[in-house]
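Colleague: Could you take me through one part of this model at close range? I would enjoy a connected account of how its pieces pack together.

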Amino acid sequence: MSSTSSVVLNTGVSMPLVGFGTYKLCGSEEVYIAVDAALQAGYRAFDTAAVYGNEAELGRALRDLLPKHGLTREDIFITSKLGPKDQGEGAMEAALHSVSELGMDYIDLYLIHWPGTQGVAVGNPCNQGNRAGSWAALEELHAQGKLRAIGVSNYTPAHMKTLLQSCRTPPALLQTEFHPRLCQTELRRACEEQGVCFQAYSSLGKGELVKHPVVMEVAKGCERTPAQVLLRWAVQQGVPVLPKSSNPTRIRENTALFDFSLDAGAVERLTALDDGHNYCRDPSEVA
């Protein structure tokens, strides 16, 4: 990957534009093989979460494999996330558990995974109080150095507005669904105005977008895979991405984003697909 393929968070820390997503990677062997291939391909950022159930496996794989690739803990960037069941009073204990599961002294970036609380109705105002409690816990762990940066995931413009009005430590990053059918213009603008990094997940629309005729035509025109085109569409706009795969060939392909660019016409064709479509769960109903 290019040496310029990174973004600086509001904490002053540099984060790779392309991170390795570990959602649905399970079992020590699958995680180990995927992480080995990712490190070989040049990935230096890894994204996990408590609900993925693979923090311990990821931590073990990295401890075993970093020396093989001539790397140390300081060479990589780890993101994990607070599970919805631990919103509020359980947030601090859960975050520390993630640190322990990963077997590391700190996590580079820790996010509130979802604006709602497991078991609480989406319209219940308790969700807002629980988010505030979670953020206070994350702020404390950030001050202690256990969490080098803190942020949120799946927040809407309304959720972000409330957080930014009340927080002592501003979020470093918002991770959310982003692809040509969901361009999130308002949310991106709000993040930009507040110095919050906007990061994409589900760049391929759960695999559906790679089969979209427009994406396939653009890919054919620039002799790249549809996945590379979708990922390049994001990073060309300065948006970090988190491709995930257990296939070593695709793992390598998903990093080859910095030796080509999309022309203005291609970017416009892809962006014109925006119809507000969520492939993942829509957080807009959470109070």
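This is a predicted model: local features need pLDDT of at least 70, side-chain atom pairs count only at pLDDT 80 or more; totals for chains, interfaces and linings use all residues.

Modeller: Let me start where strand E7 (residues 150–153) pairs with strand E8 (residues 173–177), in the parallel sense and over 2 bridges. Across this pairing, Val152 stands opposite Leu174 in E8. Both strands belong to an open sheet of 7 strands with parallel pairing, ordered E3-E4-E5-E6-E7-E8-E9. Its edges are strand E3 (20–21) and strand E9 (197–201), each of which pairs on one side only.

Helix H3 (residues 91–102) lies across strand E5 (77–82) and E6, at about 145° to E5. In the loop between strand E6 (109–112) and helix H4 (126–144) you will find His113. This histidine, His113, is buried, with a relative accessible area of 13%. Leaving aside residues up to four places away in sequence, His113 touches Ala49, Val51, Tyr52, Lys81, Leu82, Ser153 and Asn154.

Not counting residues up to four places away in sequence, Leu270 touches Pro180, Val214, Val215, Val218, Val229, Trp233 and Leu262. Helix H7 (residues 213–222) and helix H8 (residues 226–235) pack at an angle of about 95°, with their axes 8 Å apart. H7 and H8 are therefore roughly perpendicular to each other. On the H7 side the contact is made by Val215, Met216, Val218, Ala219 and Cys222, and on the H8 side by Pro226, Val229 and Leu230. By class, this contact of H7 with H8 has 8 nonpolar residues, with no polar and no charged ones.

H8 itself is largely enclosed by the rest of the structure, because 9 of its 10 residues are buried. The buried residues of H8 include Gln228 and Arg232 as well as Val229, Leu230 and Trp233. What do the buried residues of H8 pack against? Their partners are H7, helix H9 (248–253) and helix H10 (264–271).

Methods:
Residues are numbered from 1 along each chain as its sequence is written. Side-chain values use heavy atoms; hydrogens and water are left out. Axes are lines fitted to C-alpha atoms, for helices over the stretch in contact, and angles run from 0 to 180 degrees between N-to-C directions. Helices (H or I, at least four residues) and strands (E, at least two) are DSSP runs, numbered from the N terminus. Angles under 35 degrees count as roughly parallel, over 145 as roughly antiparallel, 65 to 115 as roughly perpendicular and the rest as oblique. Contact means heavy atoms within 4.5 Å. Ala, Val, Leu, Ile, Met, Phe, Trp, Tyr, Cys and Pro count as nonpolar, Asp, Glu, Lys and Arg as charged, and the others, Gly among them, as polar. Buried means under 20% relative accessible area, exposed over 50%, partly exposed in between (1.4 Å probe, protein chains only). Two strands pair if DSSP finds at least two bridges between them.
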